[in-house]
Amino acid sequence: MVQLNLALREINCKIVYFGCGLGGKTTNLEVVHQKADQDSRGELTSIATESDRTLFFDFMPLDLGEVSGMKVKFQLYTVPGQVYYNSTRKLVLRGADAVIFIADSQRSKMEENIESLENLAECLVEQGRSLEEMPHVIQYNKRDLEDIYTVDEMNAQLNKFGAPFFEGVASSGEGVTETLKKAAAMLLERVKAMSTESATKPDVKAHRNAAAVRTPMEHRRAKTDQERLQGGLSSHRTTGAQEVVPNSSKTPLGAVSFDTDLRSQSPTAPSPIAPTSTKVSQAVKPSLRQPRSSAPMSSGAPQPMMVVSGGRRAKQRAPFPTVAVLSTFAVCAAGAAAWVFLLS
Amino acid sequence: MGVSPQLIEGMSKMNDTDRLRQNRLVFYREDIEQILVLLRELMTLSGAKCALLIDKEGHLVTREGAANGFDSDSLSALVAGSFAATKEMARLLGEAEFSVMFHQGQRDNIQLTLVGDRTILTVIFDDQTQLGMIRLYTQECVKKLQDVFDRSAGREAPDLELGGDFEDTGRASLDDLFK
């Protein structure tokens with residue numbers, strides 16, 4: 001679905017290349033990547049099998065630049081064409097704003113084309129949409145091969161909704177940009193149509209409802225974490241520092257590391273998670289807790305210095321209770337020795 | 001009384017446009033500012049390197065922290081894809097959704113946490129901090145982000161002014177893109 005970022009004045013849209021296996025979807029995207037202005041295109045990312053067949057999707061961001069005061073960005077995806085990857089295709093198609101259907105013009109491929117088109121329509125219906133309403137363009141690819149259907153024959157079989165169509169030879173780049181430009185233009189028309197009325201709010205109820213959906217494991221974790229936060233300070237303060245796992249990157253899912261953090265907090269700190277708990281530990285150099293690079297995207301104020309101790313450095317500190325116990329023990333031992341000496 | 005095919009087509013298009021208008025995700029300036037404050041706080045408290053808020057369609061909403069050479073757009077698309085695939089795995093296992101994902105690397109790690117139904121909080125961190133810290137502060141951040149979205153629900157929506165030449169300028173820009 002179109003994303004409007006009014007803070008950045010951006011419109012983000014998703015265009016998906018759909019079609020049967022080996023029809024030329026990835027080749028289309030590769031050509032777009034080659035031909036697009038270098039400053040406007042992003043990386044072409046492919047999740048493919050060993051044999052270079054699309055496994056999940058190919059992806060490429062394309063920046064159209066500023067249009068009437070809004071930066072327009074397209075995200076171009078291809079789906080895996082093979083029948084086997086139907087569930088993956090549905091995932092990629094989800095949230096698409098426009099579709100480019102790549103049809104293989106070879107006579108032997110017509111059945112696969114029809115099957116793929118039906119699959120596209122089914123996937124859209126499952127998402128509460130329809131191909132008829134979706135901005136879509138058809139490209140009749142591989143026009144350079146022999147034994148191909150004529151464009152009229154292809155249209156009769158595949159273009160039921162009178163969508164714009166183009167002939168293409170993706171391997172040589174022919175018809176590729178025209179197809180994309182048409183789909184993008186149709187999408188811009190749709191965006192414009194959406195903007196004619198006041199922007200409505202996002203479905204934040206969905207946010208709220210979904211937040212309540214948790215797996216049983218998440219419930220347990222949340223409960224455990226809450227209990228740790230509520231009653232953790234006193235109990236964890238007395239825990240030995242040897243529980244700290246030295247190499248954090250090897251730490252399995254668990255809470256050992258924040259136990260350490262709680263231990264290092266001042267007993268008077270109201271909560272370790274409160275933004276105001278800026279208790280600074282002298283045991284840690286502030287610079288060690290800062291991100292390695294300081295080039296944030298936002299131009300906000302400098303980040304407040306907030307340092308907590310943790311990990312290996314916490315191990316270097318002698319925990320207060322341990323020192324007290326040892327001191328008491330030493331005093332008692334000295335007293336006892338003095339009494340023994342006096343009595344003897 | 002019959003209805004002309006043109007009228008049916010027109011109504012159909014209108015319905016789809018309305019549907020898109022209803023479903024599109026809008027982030028307002030105030031929301032983004034609040035989200036950035038929360039991401040900054042998360043990074044400071046947890047010691048993470050970078051925090052990104054991404055919508056489920058793979059569009060980056062906003063980012064705080066250093067990108068360190070990675071392409072945010074590509075990462076956003078892959079995060080959304082990864083989350084979508086995981087959701088299907090959850091469905092096969094009879095779960096509604098896995099709300100947290102964690103990937104461990106040699107140097108950098110990444111944690112993905114669902115915020116509501118349509119956005120994913122992505123936190124990138126290295127061995128300067130620990131997973132527990134990330135998990136703890138991310139959970140808090142997710143709750144606060146949720147509050148931001150909830151507050152946003154009651155706000156008056158501004159008009160989106162695209163100008164009369166939006167489509168023409170767009171077509172011209174498309175031509176420029178493939179000169």
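**Close-up views of a predicted complex**

**View 1. Helix H2 of chain A and its surroundings.** H2(A) is followed by A:Gly95, whose phi is positive, near 80°. The model shown here is predicted. Helix H2 of chain A spans residues 86-93. Its buried residues are A:Thr88, A:Arg89, A:Leu91, A:Val92 and A:Leu93.

**View 2. The largest nonpolar core.** This core has 107 residues. A:Ile15 and A:Val16 have the most contacts inside it. Helix H4 of chain B, residues 131-153, gives the most to this core, with 10 residues. Which residues does A:Val16 touch, leaving out those up to four places away in sequence? They are A:Tyr77, A:Val79, A:Val92, A:Leu93, A:Ala96 and A:Val99. Two of these contacts, A:Val92 and A:Leu93, are also buried residues of H2(A). In soluble globular proteins, nonpolar side chains tend to be buried together.

**View 3. Helix H5 of chain A against helix H5 of chain B.** On the H5(A) side, A:Lys181, A:Ala184, A:Ala185, A:Leu188, A:Glu189 and A:Lys192 make the contact. H5(B) meets them with B:Phe166, B:Glu167, B:Gly170, B:Arg171 and B:Leu174.

**View 4. The fold of chain B.** Chain B has 5 helices and 6 strands. Along the sequence they follow the pattern α-β-α-β-β-α-β-β-β-α-α. Of the 179 residues in this chain, 49% are buried. Take the contacts in chain B between residues at least 6 apart in sequence: 50% of them join residues at least 24 apart.

**View 5. Confidence along chain B.** Where in chain B is confidence lowest, and where is it highest? Helix H1 (residues 5-23) is lowest, at a mean pLDDT of 53. Strand E6 (residues 119-125) is highest, at 96. The chain averages a pLDDT of 85, and 83% of its residues score at least 70. Over residues 1-14 of chain B, pLDDT stays under 50. For that stretch the model has 4 contacts beyond four places in sequence. Where pLDDT is low, the predicted coordinates should not be read in detail. For the complex, the predictor gives an ipTM of 0.79 and a pTM of 0.67.

Methods: Residues are numbered from 1 along each chain as its sequence is written. Chains are lettered from A and ligands numbered from 1 in the order in which they are written. Helices (H or I, at least four residues) and strands (E, at least two) are DSSP runs, numbered from the N terminus. A residue is buried if 20 or more other C-beta atoms lie within 10 Å of its own, exposed if 12 or fewer, and partly exposed in between; C-beta atoms are placed from the backbone. Two residues are in contact if their C-beta atoms, placed from the backbone, lie within 7 Å. A nonpolar core is a set of buried Ala, Val, Leu, Ile, Met, Phe, Trp, Tyr and Cys residues joined through C-beta atoms within 7 Å. pLDDT is the predictor's confidence in each residue, from 0 to 100.
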